[in-house]
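Open the model in your viewer and keep the selection panel at hand. Each stop below says what to pick and what is there.

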Amino acid sequence: MRGRFISIEGGEAVGKSTQIRLLAEWVKRQGREITLTREPGGTDSAEAIRKLLLEGGADRWNARSEALLFAAARADHVARLIRPAVEAGGWVISDRFVDSSRAYQGVAGGLGDEAILALHRFGSEGYLPDRTILLELPADEAARRATARDGANSDRIGGRDAEYHARVVAAFRAFAEAEPERFRTIDASGSPDHVHARIVTALQPLMA
Ligand code: TMP
């Protein structure tokens with residue numbers, strides 16, 4: 001049976017963690033090996049880079065160094081964890097992947113999509129998920145959930161202003177429209193079980 005690589009994307013506080021947990025249980029029930037991972041991070045080295053990226057002052061990194069660090073973390077993650085697990089026939093589910101760099105650093109951060117794709121070609125040989133689930137929530141609901149979850153303790157990137165996050169959300173939507181083969185856009189409102197059912201419908205064909 002073929003291994004599969006699935007990324008879960010979206011703006012802040014759209015419920016990714018809950019859905020990833022439910023999805024992992026579903027994959028296990030299908031009798032498949034499952035590796036759950038996240039970005040930035042997923043390997044020891046990439047988790048070390050995660051700390052550099054998410055902790056510290058807002059101006060700790062400039063836009064270019066930030067994009068390079070995300071790409072470096074991803075290169076390690078793909079080479080040492082994602083590719084080997086997929087090649088061994090397992091399912092890998094990653095909480096965020098390159099589309100987050102495209103949306104946050106490329107579009108919202110102003111570096112441009114082509115720059116991020118070029119870093120990805122170099123760092124990770126352009127490796128892409130078999131399917132990317134984009135979770136979408138109305139902006140006011142996402143903001144409410146982010147405040148309930150993080151209060152005043154958001155990380156270096158989550159704490160950026162509402163305009164930045166609006167650009168992120170719009171960018172994700174544009175990517176999904178441009179690549180309908182790879183993306184499935186899922187309405188993340190309603191109960192976790194309802195959202196989970198929508199995701200299973202989107203991924204079921206990959207189980208074959
Ligand atoms: P998380 O809150 O989903 O754990 O993600 C950590 C933060 O890092 C979140 O604000 C999104 C941001 N991020 C980027 O800006 N670029 C990236 O490539 C990734 C993977 C995450």
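**Before you start.** This is a predicted model, where local features need pLDDT of at least 70, side-chain atom pairs count only at pLDDT 80 or more, and totals for chains, interfaces and linings use all residues. Residues are numbered from 1 along each chain as its sequence is written, and side-chain values use heavy atoms, with hydrogens and water left out.

**Stop 1: the sheet.** Show the strands. Helices (H or I, at least four residues) and strands (E, at least two) are DSSP runs, numbered from the N terminus. Five strands make an open sheet, ordered β2-β3-β1-β4-β5, with parallel pairing. Two strands pair if DSSP finds at least two bridges between them. Neighbouring strands are turned by 20° against each other on average, direction ignored. Angles run from 0 to 180 degrees between N-to-C directions, and axes are lines fitted to C-alpha atoms, for helices over the stretch in contact.

Now select residues 4-9 and 91-95. These are β1 and β3, parallel and joined by five bridges. Ile-6 stands opposite Ile-93 in β3.

**Stop 2: the helices.** Select residues 162-178. This is α7, lying across β1, β4 (131-136) and β5, at about 140° to β4.

Move to α4 (residues 98-108) and α5 (residues 113-124). They pack at an angle of about 145°, axes 9 Å apart. Which residues of α4 and α5 make the contact? On α4, pick Val-98, Ser-101, Arg-102, Gln-105 and Gly-106; on α5, pick Asp-113, Ile-116, Leu-117 and His-120. Contact means heavy atoms within 4.5 Å.

**Stop 3: the ligand.** Select the 16 residues around the ligand; Glu-12, Arg-74, Arg-96, Ser-101 and Gln-105 come nearest. A residue counts here if one of its heavy atoms lies within 4 Å.

- Arg-74: a polar side-chain atom is 3.0 Å from a ligand oxygen atom.
- Arg-96: a polar side-chain atom is 2.7 Å from an oxygen atom of the ligand.
- Gln-105: an N or O atom of the side chain is 2.8 Å from a ligand nitrogen atom.

**Stop 4: two loops.** Select Glu-39 and Pro-40. The peptide bond between them is cis, with omega near -10°. Pro-40 sits in the loop between β2 and α2 (44-54).

Finish at Ala-13, in the loop between β1 and α1 (16-29). Phi of Ala-13 is near 55°, positive in a residue other than glycine.

Terms used. Polar contact = N/O pair within 3.5 Å; in protein donor to acceptor, adjacent residues only side chain to side chain.
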